[in-house]
Every structure is written in C-alpha cells, then in structure tokens.
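Welcome! Let's get to know this structure together, one question at a time.

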Amino acid sequence: MRSPTPGPLKDIRSKIEPAFTKALQQENAKYGLKNGDAKAVKMELVWFGDRPAHKRKNYDDPAMQAFWQSARTAGIDIREKLNERAASLNDNVPAAVGVPTVNFNVGTNAGGGGGHAWYEWGIPGNGQDEGKRVYRMILMGLMAAGYHTSDGKVVPPLVSPKANRTTEELYK
C-alpha cells in the first residue's frame, strides 16, 4: 500500500483490517482456540512499513537548494525543472517527520529489466558519471551538515536538527 497522502491508506485499512481479524478468529475457532491462547494464530499489523505517505509541499527548502547547487558544481544531472509527481522512496521517512530531504541515484544503468523482481538485471553504465554523482552526494552532505575549512573557518549546516526521528506518532 503506497500513497502520497494518508487518506487512501486509512480507507484501505478500514476495509481490510476487519477482514484480517475475522479470518484470524475463524482460523483459531476451527481448532477450538481463542485469541490469546498459547497455540492460537496471532497477527501483527504493520500497515505503513518504512515508507509513510508523504508528498513534498516545499520545493525551496535547504535540501532542494543543495540538490540544485551540487548538480551545477559537479556538472551532472543538471535540470531546469523537477518532476513533482508523488513517489514512494526511502526518503519518505525523514520527509514525513519534517526533515528536508531529496532522493537521487548515484549509479548509472546502460540497460536493465524486470524491475523489483527476482529476475531483475542491470548493465553498469558510465563510470565517470557515477564518480560525478558520488562527488555530488559528498557536496550535498557537506552543505547539509556543515564543515570546517582548512583555514579554520566554519561553514554552518544548512539544516538545524528538526522534528522527531520516528513515524510512530503519525499513525496513532
């Protein structure tokens, strides 16, 4: 279940959670067991996994500024416009709790197929581009975290500590 907003996920949950509970009770009843008995089937509902619903509302935060500037500095993946469609990515977790974030790929792919399946395959692409993307990633990290220069100056972080580091409160 993926969605850029929690509403559709909650609607789906309200329909299937009772069906799961009913099936669990039926399975236990088939063997004369009650919920909670030592040999009873148990269920743990984990609905949102590690990718909570999130859709970026601000395209002008420090993470985006580092994203744009690092592309220009490294000379790779320079874009004039971002794709603003919602996606379910690993950065949904920090984004959902208020931490500015971006998601981009360091690797290149000359060819591939069978996405997200056991038979997925890929052919490595241009190693020079991968090196530039690694450089870009390092630049973004330095901009976000801040650093000390060799002459003793301090470049402060773009982003101060923000928000909770858990999504548990989002789904209560």
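Q: Where is the place of Asp 77?
A: This is a predicted model, in which local features need pLDDT of at least 70, side-chain atom pairs count only at pLDDT 80 or more, and totals for chains, interfaces and linings use all residues. Residues are numbered from 1 along each chain as its sequence is written, and side-chain values use heavy atoms, with hydrogens and water left out. Helices here are DSSP runs of H or I with at least four residues, numbered from the N terminus. Asp 77 sits in the loop between helix H2 (62-74) and helix H3 (92-96).

Q: What is the phi of Asp 77, which is not a glycine?
A: Most residues other than glycine have a negative phi. Asp 77 has a positive one although it is not a glycine, at about 55°.

Q: Is Ala 95 buried or exposed?
A: Ala 95 is found in helix H3. Buried means under 20% relative accessible area, exposed over 50%, and partly exposed in between (1.4 Å probe, protein chains only). With a relative accessibility of 13%, Ala 95 counts as buried.

Q: Which residues does Ala 95 touch, not counting residues up to four places away in sequence?
A: Contact means heavy atoms within 4.5 Å. By that rule, and leaving out residues up to four places away in sequence, Ala 95 touches His 54 and Thr 101.

Q: How are the buried residues of H4 arranged, seen down its axis?
A: The buried residues of H4 are Arg 133, Arg 136, Leu 139 and Met 140. Seen down the axis of H4, they fall within an arc of 115° (taken from the directions from the helix axis to the C-beta atoms), so they line one face of the helix.

Q: Which exposed residues does the face of H4 turned away from its buried side carry?
A: On the buried side, H2 is included in what covers the buried residues of H4. The face turned away from that side carries the exposed residues Gln 128 and Ala 145.

Q: Which helix gives the most to the nonpolar patch?
A: Val 134, Met 137, Ile 138, Leu 142 and Tyr 147 form this surface patch, with about 400 Å² of accessible area together. Areas come from the Shrake-Rupley method with a 1.4 Å probe, and for residues only the protein chains shown count as cover. With four residues, the one that gives the most is helix H4.

How values were computed:
Patches are made of residues with over 30% relative accessible area and no salt bridge: like charges are joined within 9 Å, nonpolar side chains (Val, Leu, Ile, Met, Phe, Trp, Tyr) within 5 Å. A salt bridge is a side-chain nitrogen of Lys or Arg within 4 Å of a carboxyl oxygen of Asp or Glu. Helices (H or I, at least four residues) and strands (E, at least two) are DSSP runs, numbered from the N terminus.
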